[in-house]
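Please keep the sequence and the model in view while reading.

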Amino acid sequence: MDQVLGQVLRNAVWERLDMLSDLATRADAQSLVSVARSELPRLTEGWRAMLQAHEPDERGDCPTCSTRWHRCKAPCSVWQVAHEHLVAGGLAPQQTAATQDRRRRVPGQSRVSAAETTGRHALVDPRRPITA
Ligand SMILES: [Zn+2]
């Protein structure tokens with residue numbers, strides 16, 4: 001996948017996560033139940049698929065994170081993040097999410113104005129032909 005398509009893909013995922021976070025904080029109870037029913041199974045399936053790729057091999061290494069020259073012992077960073085967010089992170093999920101969000105935000109952008117415009121992450125207009 002070339003760099004531009006990779007950026008479009010990552011932007012779409014970040015926007016989806018932002019949208020879900022926004023719904024969790026703003027939506028009314030009825031909408032939240034509806035979103036939870038549709039989105040929670042998708043999120044859990046996504047975690048399962050990702051974790052499956054990081055299951056330790058017979059030597060106890062992560063086959064996805066390891067290279068020919070560097071073996072990565074399980075649990076790799078993906079499993080550590082999963083445990084932190086799905087098991088231990090239940091203690092302070094808001095703080096963790098806010099911290100991660102700040103890391104990738106462009107300086108000077110405020111969350112509210114950015115979240116309410118489309119394409120905060122859209123560095124590339126998907127309607128324009130890709131010439132790279
Ligand atoms: Zn891994």
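This is a predicted model: local features need pLDDT of at least 70, side-chain atom pairs count only at pLDDT 80 or more; totals for chains, interfaces and linings use all residues.

Residues are numbered from 1 along each chain as its sequence is written, and side-chain values use heavy atoms, with hydrogens and water left out.

Two packed helices are described by the angle between their axes and the distance between the axes. Here the axes of helix α1 (residues 3-26) and helix α2 (residues 29-52) come within 11 Å and cross at roughly 145 degrees. Helices are DSSP runs (H or I, at least four residues) numbered from the N terminus; axes are lines fitted to C-alpha atoms over the stretch in contact, with angles running from 0 to 180 degrees between N-to-C directions. In the contact (heavy atoms within 4.5 Å), α1 contributes Arg16, Leu20, Leu23 and Ala24, and α2 contributes Leu32, Val35, Glu39, Arg42 and Leu43. These residues divide into six nonpolar, no polar and three charged.

A salt bridge is a side-chain nitrogen of Lys or Arg within 4 Å of a carboxyl oxygen of Asp or Glu, and the count by this rule is eight. Asp61 pairs in this way with Arg59, at 3.7 Å from N to O. Asp61 is buried, at 4% relative accessibility (buried means under 20% relative accessible area, exposed over 50%, partly exposed in between, with a 1.4 Å probe and protein chains only). A salt bridge also joins Asp61 to Arg71, with the closest N and O atoms 3.2 Å apart. Arg71 is partly exposed at 34%. Lys73 forms a salt bridge with Asp61 at 3.2 Å, N to O, and Lys73 is exposed at 53%. Shared partners join Asp57, Arg59, Asp61, Arg71 and Lys73 into one network of salt bridges.

Technical notes: Helices (H or I, at least four residues) and strands (E, at least two) are DSSP runs, numbered from the N terminus. Ala, Val, Leu, Ile, Met, Phe, Trp, Tyr, Cys and Pro count as nonpolar, Asp, Glu, Lys and Arg as charged, and the others, Gly among them, as polar.
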